[in-house]
Amino acid sequence: MGADLFINLHDLEGLARERLPAGVFDYYAGGAHDEITVRENRAAYDRIALRPRIFVDVSTRDLSTTLLGSVLRAPIGIAPMAFQGMAHPDGELATARGASASRTLMTLSTFASSPLEAVRSATGSPLWFQLYVFKDRGATRALVARAENAGYAALVVTADAPVLGQRERDIRGRFQIPAGVPNAVAPPAGSIPEAPVDSPLAHHFAHQVDPSLRWRDLEWLAGLTRLPLVVKGVLRGDDAHRAAEHGAAGVIVSNHGGRQLDTAVATADALADVTQEAGDRLEVIVDGGIRRGTDILKAIALGARAVLVGRPILWALAHGGETAVARVLDLLRAELDLAMALCGCASLGEITPDLLVFSNRSTPRP
């Protein structure tokens with residue numbers, strides 16, 4: 001099947017399910033506990049209605065923006081996702097090539113199955129590196145240096161995973177990373193006790209990643225690099241304020257795709273609080289549940305500068321590799337362009353909160 005056989009992102013999940021082993025599909029698709037937050041990330045956008053303007057000249061539209069100094073042709077990027085080699089033999093290399101074809105930002109995971117230097121060589125688009133802080137601070141320091149030396153443009157520090165959430169699909173299926181899919185970036189785990197049968201991945205994670213991080217550690221990271229720091233996993237305005245105080249240049253409003261704390265607030269519902277507190281001090285990005293161009297328009301109206309897309313990229317990889325990845329990104333851009341035209345917005349700056357109407361409210365939130 002070719003990448004041209006899907007006309008929207010909703011089509012892709014079923015296509016990927018047909019191609020992926022059941023355990024791999026569940027690892028990618030699943031969330032924590034009852035997966036309420038996974039569903040709410042999507043539902044939160046559907047609860048927001050649009051109130052378009054009329055008689056506006058939208059004969060030409062400009063979707064371009066900048067993100068921490070990088071020029072993007074649309075406010076869309078790729079979220080960090082682990083072990084993409086399970087979805088396609090080329091893994092993150094295919095994602096990087098798809099991002100390059102669409103001239104889109106990509107964020108590489110610490111738990112990537114392709115070396116970070118090779119991924120940098122595979123794309124001419126902006127590339128960020130997502131960092132977990134390890135108990136071995138020397139290993140963390142080395143990763144930061146590798147990313148900077150390879151030409152990555154920013155460091156994304158994940159803050160919402162001091163431990164892994166309980167992902168019951170993985171426990172039920174006793175999921176393990178398939179043999180032959182390398183851990184090509186993170187430092188070797190070394191000698192750790194034998195993993196329990198229910199969740200070997202969480203066991204491995206717990207022996208590597210430092211659960212004791214505090215705000216002062218963000219300042220420590222800032223002292224290691226010239227790269228701007230982006231804190232991922234912010235759902236509260238007061239945490240956005242603290243991020244700015246401790247050296248961050250941006251924040252990602254994220255609940256880890258519903259994979260950490262179930263019943264955590266949906267990112268669309270958290271966004272306005274974060275953007276209000278961030279003001280002009282931080283660039284605010286959001287992920288979670290983005291499936292349509294109208295979702296992107298709503299996120300920008302709520303104050304986001306850009307969005308990141310996660311699972312649909314994995315479905316695209318499984319379905320058609322880099323060509324399908326580029327198609328996902330191009331579809332979202334085209335849908336955003338259409339939504340802007342129909343809402344009376346010729347540029348991103350004209351996407352404002354007055355376009356939004358919330359469930360059980362007659363007027364937009366302030």
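Colleague: What makes something a pocket here, and what volume does the second largest pocket have?

Modeller: On a 1 Å grid over the protein atoms alone, a pocket is an open set of points with protein on both sides within 12 Å along at least five of seven lines; a cavity is a set where a 1.4 Å probe fits but cannot get out. The second largest pocket comes to about 650 Å³, a volume being the space filled by probe spheres set on the points, which are joined across faces, edges and corners. Bear in mind that this is a predicted model: local features need pLDDT of at least 70 and side-chain atom pairs pLDDT 80 or more, while totals for chains, interfaces and linings use all residues. Residues are numbered from 1 along each chain as its sequence is written, and side-chain values use heavy atoms, with hydrogens and water left out.

Colleague: Which residues line that second largest pocket?

Modeller: Lining residues have an atom within 4 Å of a point. There are 31 of them, with T158, A159, D160, A161 and P162 nearest the centre. The largest share, five residues, comes from α9; β7 (154–158), α9 (215–222) and β8 (229–234) each give at least two. Those helices (H or I, at least four residues) and strands (E, at least two) are DSSP runs, numbered from the N terminus. By class, the lining has 20 nonpolar, five polar and six charged residues, where Ala, Val, Leu, Ile, Met, Phe, Trp, Tyr, Cys and Pro count as nonpolar, Asp, Glu, Lys and Arg as charged, and the others, Gly among them, as polar.

Colleague: How many cavities of 30 Å³ or more are there?

Modeller: One. The largest cavity has a volume of about 50 Å³, and R73, A74, I76, S102, R103, T104, L329 and R333 line it.

Colleague: Why is L12 called buried?

Modeller: Buried means under 20% relative accessible area, exposed over 50%, and partly exposed in between (1.4 Å probe, protein chains only). L12 has 0% relative accessibility, so L12 counts as buried. L12 sits in α1 (residues 9–19) and touches F6, P312, W315, A316, H319 and V328, leaving aside residues up to four places away in sequence; touching means heavy atoms within 4.5 Å. L12 and W315 are 303 residues apart along the chain, but their C-alpha atoms are separated by 5.8 Å.

Colleague: And D337, buried or exposed?

Modeller: D337, in helix α13, comes in at 19%, so D337 counts as buried. Leaving out residues up to four places away, D337 touches R61 and L63.

Colleague: What makes S59 exposed?

Modeller: S59 is at 60% relative accessibility, so S59 counts as exposed. S59 is in the loop between β1 (48–50) and β2 (65–67).

Colleague: Which side chain makes a polar contact with the side chain of S59?

Modeller: That of D57, at 2.7 Å. The rule asks for a pair of N or O atoms within 3.5 Å, one able to donate a hydrogen and the other to accept it within protein; residues adjacent in sequence count only if both atoms are side-chain atoms. At 2.7 Å, the S59–D57 pair qualifies as a polar contact.
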